[in-house]
Amino acid sequence: MKNNTLFKIENQPDSVLLNSKGSASVIALMVSLCASQDIKAQFFNSGEVNVKDNTIMSVDMNYINATSGNFINDGNVYIFQNWKNDGTVSYNVPSAGTTLFRGTQQQLIEGEGKKTSNLQNVIFENLSDLVPFDLKTIIAVGNNSNFKNGIINARYNDAKMIFNETASHSNATDLSFVDGKVQKNGKAAFEFPVGNDLFYRPTFHEAGSSEANIHTTEYFHENSDPKYPHNKKQKGILFINDKEYWKVTKDDDGNEKIVLSLSLDEEGGATPSQFFNLSPNTQVAIVRWDETNGEWVNEKGVLGSEIYGQPYSYLLMGQVSGYGIFTMAIVEEEIEIYDIEVFNAMSPNDDGINDTFRIKGIDQFPDNEVEIFNRWGVKVYTAKSYNESDNVFRGYSDGRATFNRGDKLPTGTYFYTIKYTTKEGKGKQKSGYLYINNQ
């Protein structure tokens, strides 16, 4: 005979206040039940649950937050079974409040009516052999999402993870990422923790200059043809990636362009091998499906140096002209004669050798602009009338977003664009990568 147990916090005149006094390690409330086939338990809230800072709440049963339920978490809440939110989930204390989804069997995270679970910090840690998490609702992260273990399947209508302005994530790998939509609100630079199947395949970009910006990215480990026909393409595009693509959208009213970085995977095999064994006179470029003209267009871009210690091998970075469907392609190498020569490595250690970003001949074209971006698409340096004497890049940020003015930039690969006007009045643009060694 089954024992169906239902725990309720219902229509309380006052909130249920969970509060530890004097010790950060006190377990203020333990709601647990031994798991067995003869027990079906639910924790049902239609009132208010307020988990205070330095408090631990452990729920070893299905948690249901009803339409009238108000769940406030400024402490540490462990969810060992399923989670359903039809009401309000929020937090009050900045940076406090962690919700841990932890288990050994698949966990369902759902909710009716597009109700958003606003979580300050969230940890995903599940050891199920199946896809550990089924996300059928919206989770909004205020501070950090820790992808310790377990892929989050968000391939459902209206399901997604939202990262607010200052939110970040950690530990995303092939073992844990979002398989579905990831939305970033605000202007901060961001690595979108997306993937599909068993491949973590992030994109990187800065959202722009407005906190009202909203961008969403989704990754597909599948051939974009015939949905986006590969035979419909601009001249010079030779081979379009037939294993993977990304969908990047701007979901607000702005029209800012982004510097987009796509990740390439050599060792795992997500990216076709052709991209790592190029024929002469070819190069790798970002391509975008132009919905208006019904064709793939070359957005160019620069392939950086090999990256170690990450689930991806390379980053392909370029300033793109629109949004929509992106992947990479092998294209004919563009051969253009420039009036300048760019030296794409520098070591700003004041030894008098390669201390600055050298652009030989730029002094002859004072009508110029130089911009340098990091791999997240953050502009770390910009200058007009660049020269090789007093107006020159020395490896320090000129101030934006993640860097303060005057900060020495970390070692790594950066992306540059140089625009200048020739003596005949012709505008030219050159892009490439710059390696900065600050070690």
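Predicted model: local features only at pLDDT ≥ 70, side-chain atom pairs only at ≥ 80, totals over all residues.

Tutor: Two strands pair if DSSP finds at least two bridges between them; strands are DSSP runs (E, at least two residues), numbered from the N terminus. Residues are numbered from 1 along each chain as its sequence is written, and side-chain values use heavy atoms, without hydrogens and water.

Student: How do you know that β21 and β24 pair?

Tutor: Four antiparallel bridges join β21 to β24 (residues 203-206), and at least two are required. F190 stands opposite H205 in β24.

Student: Why is one side of β21 and of β31 left without a neighbour in the sheet?

Tutor: The open sheet has five strands, in the order β21-β24-β28-β32-β31, with antiparallel pairing. β21 (189-192) and β31 (302-303) stand at its edges and each has a single partner strand, so one side of each has no neighbour in the sheet.

Student: Why is the pair of Y63 and W83 called stacked?

Tutor: Rings of Phe, Tyr and Trp (its six-membered ring) pair if their centres lie within 6.5 Å; planes under 30 degrees apart count as stacked, over 60 as edge-to-face and the rest as tilted. The centres of Y63 and W83 are 5.1 Å apart and the planes are at 15 degrees, so the pair is stacked.

Student: What makes Y63 count as buried or exposed?

Tutor: Buried means under 20% relative accessible area, exposed over 50%, partly exposed in between (1.4 Å probe, protein chains only). Y63 has 0% relative accessibility, so Y63 counts as buried.
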